[in-house]
Structures are given as structure tokens and as C-alpha cells.
Amino acid sequence: MTNNIMQNSLIIKECSLLITATGKRAKNISELIEELISVEPESINYHFWGTKLSPRFEEPEYNNDFAAWASDALHNDTLAERLSMINPGNLNLEELRTEIINTLSQTDSALGVTPDQQFHFKSSRTVIFNTGHSVSTVQELAQMLPELSTESIYYHFIETKRHAGNTEDDIIEWLRGFGESSSILANTISELNPYFDSLSELQSKLSTIFSEHLRGNS
Amino acid sequence: MADLLNTYSKEAGERAIDQVRQLAKHLQGCKVVHVNSTRVGGGVAEILMKLVPLMNDIGIETSWEVITGEGKFYECTKGFHNGLQGNDVNISPDLLEAYEATNAQNAEELRAVLENADYVIIHDPQPAPFLTLCPNRKGKWIWRCHIDASNPHKPVWDYLTRYIAGYDASIFSLANFAKPLPHTQYLIAPSIDPLSDKNIELSDEEINSVYGEFNIDPDRPLMLQVSRYDWFKDPVGVIEAYKLVKKYTPSVQLALAGGGADDDPEGAQVLSEVKKAAGTDPDIKILLLPPDAHKTINALQRASNIIFQKSIKEGFGLTVTEGMWKQKPLIGGNTGGIRLQVINHHTGFLVNSPEGAALRAQYLLTHPTERKHMGLKAKEHVRDNFLITRHLKDYLSLFISVTQNSHDLIRL
């Protein structure tokens, strides 16, 4: 059980992502693979998930930084598409690292980029803090969902799941404590794949799911 | 508490304000000192102008100190600036001597406040030696680099590293600016203040006033670049682009609006070259504005149809952020922080040459619907990512992070 659930109340949290430079960089696929082998796991997490919180345009063409680099810098859209379809949802970070390396290894590694187009491995530190709010019922959470920040959505639906070993996020864990009816809701939410949605889209889908569940139960 | 912070709720959103409030609870009573080299002119001073009062407003005792020197000090630090941006500069021993002596003198005057602070943020190379000159410091010291240091002139970087390496952390705007240093390098983008004179909404009367003031025809399209007269901003390249556009849109006008910063001795030389390139074309307005002409710049940006920032090297490019905040699509040089802000076909265009700038300008001039649509997207991109409330949140998070040993997750 996460420390966000206390006596059936779910403590709503926020997070602030601090991005850091690792100093590792690559100008072609061979170097990318070489650095990927040893880069800290948090860097891989950042380039797949953390970019959802970073300054970026809401509608990126590809879902992770490796895919975006393959397209923008290497001009290899085939590789970009393949990298974009790696689903990190059920992989731990080491499995994800292996999957990325395997995909890259199947590509011609000769092409390089100019120094200012190199791939820069970044990492992150996440500061998690209270909002001052908690919810005790499904209705309360349904009402609060549209008002949450995208950082809060990221924390509860992505970060807590990762720290639980990719099993369940803390919202699902909390819902299961309310019995069968909420377990159905929890199952519906667990079928969402946040990887392909922006945080705003994820928030909107969650609000809809909660609203429909409550209408069905009333 | 946080009356000033509350004034940002309309522009930044209540959620952003709440985040700052919650983080600030963990830093109440902390003492913070920012040190830079000028109170007027340039992006750093503009950020600190509001960041410092905001930090005080949320219960963090914050002060802003400025290192002051004479001609040789500024000549030296301009050399550092150019060298960090890749120019092959040769800084003579007497300039380095002036740099070190100026730092020693200023550090002596500021020692008490610096050594007593919980967090000291030293901005750019000018005051970098302060760390080594304050051996009895009690807090965490952070070096903030606003410059594109992706490919520095090695002797300059090697010289400065002796002062920078000892910091507890450093901040760069982009990953490719970061350098190998024996401490954590945070990546934090700068920001604009939406409520400053530079960015606040203006009345039609205020916007229209620039037409008469600068002899601009309000019935003809206007292109604008706002920047110091500096080689890296490529103002001559902007004039070349204008001349190409003029062949297809003869009615177009160009305004170059700039001024000096107290710490930039090269400006006069660049201005002279710009005037030469402009020749006698009455449709090119070269404006030399005082450093506090924020409302005038605001009005010029709002009066323009297209805004350029055709830099060939750029740390971040806050003039891009400003222009986008005014719902103008930006034509930006494909470099540095401009790439983070200008998303091709969405918030503007990245260009690599005067011809590229002309091409995109011509497109935007002849497609007003697309221009308006891109301008709206540009403003929202700034709202989501580059406002001072986000920047404040990042600083608060960083203060917490530098005092914790946790590598990836910090639970408050």
C-alpha cells in the first residue's frame, strides 16, 4: 500500500520535475546504443515518461525522445515509428532499456548528425508534495479530477504505478478498497494506456470514466 | 501572504499558483541571494526584477545584489561571453587581473550577506569567483549559466572552470549547453513575466502610439526584431531577409529595436554596421531604445505582423517568448533555446539563413488565417511552459533538491 492512502482517504499529491543533464550524448545509433547500455535507469524513464511534464508542444509527433530524435536528427522515420511503438507500460526500466537497444540494433548505424543535433541524455529528480487535499469517496475524486493539475495526474497515474513495480497506481489501489462496484471502475481505469495520451487527454478520459461510472451506479 | 503571487492566477492558472504555495511552505524563512552584473537591460535583469519580489512574497527572504566594475572588467566579461559562445577570443592578463580584482572587491563588500544566505545564485561568469572568495559560506551555492556554452573557446572555459567547479550545483537552459562539472547540472528554462510592462495587455491607443512615434505606416505590414545590437542576433541578416521579402511584398516595413546593456561594450560597433546595411531605405527603422523602454517594446511587438529572432547563437531567447505571448508566430534562428520554443508550423518557423527567414515571412504575410492560428498556439505554448510562476516553482524545487541526498525521488 502506498503512503498516499490513509484510513480509506486518498491524499492528493503534486509533483515537480527537475530535469538534469547526464553529460552523455550520441551523434549516431552506435553511440546511442553504447550510452544506453550504461546510462542510469532514471534517464530512460525521463525520455519515455518525464517528457510529458517537460516544456514541449502539446501535440508531439512521436511519444518518446528517442523516436523524436530518430525522425528530427537522423531523418529515419521508420526507426522513429518502431521506437514510438515500444510500450513502456508493462516494462520495468531494465526491460525497457533492452527493448530500445534491440530496436536500435536492427537499424543501419552509419548515419551521424552534426554536433548541435546530438542526442543528449537527460535525467530527472521528482519532488513530491502535498496539495492539502484528500478524498474519501469515489464521488469526491470524480469531482476533483477535472481540477487537478497535470502534474498531479502524472504523479498518481504514472509515477505511483512505476514505484509499485508497474502493477497498479495508487488510485486503482485505493478504489479496490471500496468493494466490487469500485473494483469494476478500477479495472476500467487499468485498461487505459497513458503512454499514448497527453496528460490533458488522460485527465479528460479519467473524468469521463468516473462520470459514467457514477451515472451507472445512481 | 502571497498577494503578489495571487495576481498571476489569471495568466498562469490557479493550479500553478497552488503548486508554488505548497512548495513554499517547506522553505519559509530561508534566505536567498541572487547576484548578477546589471539591474537594467538583458533577460537576466528582467527575470530577477519580478522573481525576487515573488520569492519575498511567498515568505523567502530574497535579495538581489549586483557586481559593479569599470571598463576593463566589462571588457573581460564580454570576452568571456563571446568565448563561451564559441568565439576565438584572446583575453589579456591585465583584463583577467581586472576581473579578479573586481570580484575580490565586490565580494568583500557583500561577504556578510552572501555567507549568511541559505541559497546563493550566481548568474553567469561576471561574479563566478564569489564562491572561492567566501570560504565561510553556510548555504548552498548555485551557478546559473544563461549563455549558450555548447561549444566554448577552450581557454575561456578552462579558466572559468576553476571558479565554477566548486559550486554545489549549476543551472543551464538546455542540455547541450551543460558542461562536464563535478556537481549536478539542472536544466531550467528562463521565463517571462506576463504582468510586466513588457508583456502586459495594452490598449489600442498604446499600441497605435508607436506608429506615430517611429514614423511607421499603420496601413502597411510591419516586421520586427527586438534585440541588443549584437553580432549573435544577426541584425544584418534580418535586413537581408527584409530586402528579399520587399521584392515580393513592396509595402513591407522593418523595425529593428534595440539598445545597450550596461555590460555590453560592442553594441556601438554593431549598430554602425546595421545602419550601413540599412542604407537610406525609409522603410527600415533602426530604433535605439533606452533599457527601460519596456512598454514601447511591448507596443511594437503587438503592432507587428511578424516577429523575427534570427539569432545565430542564442542562450534561450526571451524575445521569442515575449513575441509568442503577444500571439505572434515567430521566425527564429535554428539555434539554442529558440528550438525549444518555436515549433515549426505550429508556433512559428525555425530558419537557417536570411533566405529562410524571408521565405517564412513571405508565407506568413500572405496567409493571415494561418498567422493568427499559429499566434494563438504560440501564446498557449508560453502559458504552459515559460511563465515566471513555472520558473519560481523550479527554483523552489531546486532549493529542496540540493539539500536532499535522494537521487531521483524526494518526498516532502
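Asp283(B) touches Arg220(B), Tyr242(B), Lys246(B), Pro250(B), Val252(B), Gln253(B) and Leu254(B), leaving aside residues up to four places away in sequence; contact means heavy atoms within 4.5 Å. This is a predicted model, in which local features need pLDDT of at least 70, side-chain atom pairs count only at pLDDT 80 or more, and totals for chains, interfaces and linings use all residues. Residues are numbered from 1 along each chain as its sequence is written, chains are lettered from A and ligands numbered from 1 in the order in which they are written, and side-chain values use heavy atoms, with hydrogens and water left out.

**View 1. Surroundings of Asp283(B).** Asp283(B) lies in the loop between helix H10 (267-278) and strand E9 (284-288) of chain B. Helices (H or I, at least four residues) and strands (E, at least two) are DSSP runs, numbered from the N terminus. Asp283(B) counts as buried because its relative accessibility is 11%; buried means under 20% relative accessible area, exposed over 50%, and partly exposed in between (1.4 Å probe, protein chains only). Its side chain makes a polar contact of 2.6 Å with the side chain of Lys246(B), and one of 2.9 Å joins it to the side chain of Arg220(B). A polar contact is a pair of N or O atoms within 3.5 Å; within protein, one must be able to donate a hydrogen and the other to accept it, and residues adjacent in sequence count only if both atoms are side-chain atoms.

**View 2. Helix H3 (residues 65-72) of chain A and its buried residues.** These are Phe66(A), Ala67(A), Trp69(A), Ala70(A) and Ser71(A). They pack against several elements of chain A, including strand E2 (9-26), helix H1 (29-38) and helix H4 (77-84). At the N-terminal end, Asn64(A) caps H3(A), with a side-chain oxygen 3.0 Å from the backbone nitrogen of Phe66(A).

**View 3. Glu94(A) in helix H5 of chain A.** Glu94(A) has a relative accessible area of 41% and is therefore partly exposed. The side chains of Glu94(A) and Arg97(A) form a polar contact of 2.9 Å.

**View 4. Contact of H2(A) with H5(A).** The axes of the two helices come within 9 Å and cross at roughly 70°. Axes are lines fitted to C-alpha atoms, for helices over the stretch in contact, and angles run from 0 to 180 degrees between N-to-C directions. H2(A) is therefore roughly perpendicular to H5(A), a term for angles of 65 to 115 degrees. Pro41(A), Ile44(A), Asn45(A) and Phe48(A) of H2(A) meet Leu93(A), Glu94(A), Leu96(A), Arg97(A) and Ile100(A) of H5(A).

Terms used: Parallel < 35°, antiparallel > 145°, perpendicular 65-115°, else oblique.
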